[in-house]
Amino acid sequence: MATGCAAPQFTYVSDSGANAFFKVPFGWHRISDVSLAAQFKTPGSVLGQAAGTWDIAFDADNAPAAVHLFSPNAAQPFAFAFVTPLSASASNAMSYNGLRDVLLPVTSTARTQAAQSSFPLTHFKLLRDTVITPGQGVHGVWDTYDYTYPGGITDTFDQVALTNSNNTQLYVLMVHCKAACYSHNHDQLDTIMSSFTVRSP
C-alpha cells in the first residue's frame, strides 16, 4: 500500500531570533529579500515604513511579484510578515489602537487623519476586530477590513499585530488580495492567520 508520498501541505516559516512562526500553503512562492526590500523604497508606498529586523513575504500567484505587496491587482493572496523592535517612546505609547493602525488606518481617528492627508484608499469596511492574548504576555489584535483603491478595486486585508509583555517588540502578519479572492480563500487564510505564533522572550 503506497503511503507517505503526498506533497507537504504547508511551508513553515520562522524567525528563531524573534520567536515568531507561521505557515503558508506549500505552493506559495517566497518573494526574494532584494525584491521585497525594493518595495519598501517605492515612493508613496503605504507600507514603506514597515521594514523591520525580519521581513518575509509569500505570493500565491503563478507569477509572484513583490509589487503585489502594495498592488490592488493582487488576484491571489499575498502574505507579508515583519518583526521590529519598538523604541522607548513607541513602547510607552503602544496600545491596541496603535496595533490596529500599524499598517493602514483602521481606527476612526486614524482614518480621519489619513483622509486629511490625501490617503488614497476609501470605503473602509471593518469585517473583524478581535483582541487576542495567546499567552506569555503576548497580546494584540486581529483585524480584517476592506479598502477600495483608486479605480474601484476593493481589497480585503487580514492582519494580526502583536507585541510582547513589555511592548518592546512588534510582530505583524498581513495577508491581502482582492475581496472576491479573500472570500473564495477565507478558510485557508484563517488557517494561516491562526498559525501566527509569537513566544515572548
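This passage describes the confidence, overall make-up and selected local features of a predicted protein model.

The model is predicted, so local features are reported only at pLDDT of at least 70 and side-chain atom pairs only at pLDDT 80 or more, while totals for chains, interfaces and linings use all residues. Residues are numbered from 1 along each chain as its sequence is written, and side-chain values use heavy atoms, with hydrogens and water left out.

The mean pLDDT (the predictor's confidence in each residue, from 0 to 100) is 88 for the protein. A score of at least 70 is reached by 90% of the residues. Residues 44–48 stay under 50 in pLDDT. For this segment the model has 15 contacts (heavy atoms within 4.5 Å) beyond four places in sequence.

The protein has six helices and 10 strands. These are DSSP runs, numbered from the N terminus: helices are H or I with at least four residues, and strands are E with at least two. Of the 201 residues, 49% are buried. Buried denotes under 20% relative accessible area, exposed over 50%, and partly exposed in between, with a 1.4 Å probe and protein chains only. Among contacts with a separation of 6 or more, 60% link residues 24 or more positions apart. The accessible surface (Shrake-Rupley method, 1.4 Å probe) is about 9800 Å². Carbon and sulfur atoms contribute 52% of that surface.

Helix H1 spans residues 33–40. Its buried residues are Leu36, Gln39 and Phe40. They lie on the same side of H1, because they cover an arc of only 105° around the axis. The arc is taken from the directions from the helix axis to the C-beta atoms. Strand S4 (54–59) and strand S5 (78–85) are among the elements covering the buried residues of H1.

Strand S2 (residues 20–25) is largely enclosed by the rest of the structure, because five of its six residues are buried. Strand pairing requires at least two DSSP bridges between two strands. S2 runs antiparallel to strand S1 (residues 10–15), with six bridges joining them. Ala20 of S2 is the bridge partner of Asp15. Four residues separate the strands of this hairpin, and Asn19 takes a positive phi near 55°. S2 also pairs with strand S10 (residues 197–198), antiparallel and over two bridges. Here Ala20 is partnered by Val198.

One disulfide (a pair of cysteine sulfur atoms within 2.5 Å) was found in the whole structure. It joins Cys177 to Cys181, with an S to S distance of 2.1 Å. The link of Cys177 and Cys181 is left-handed, at -95° about the S-S bond. Both Cys177 and Cys181 are buried.
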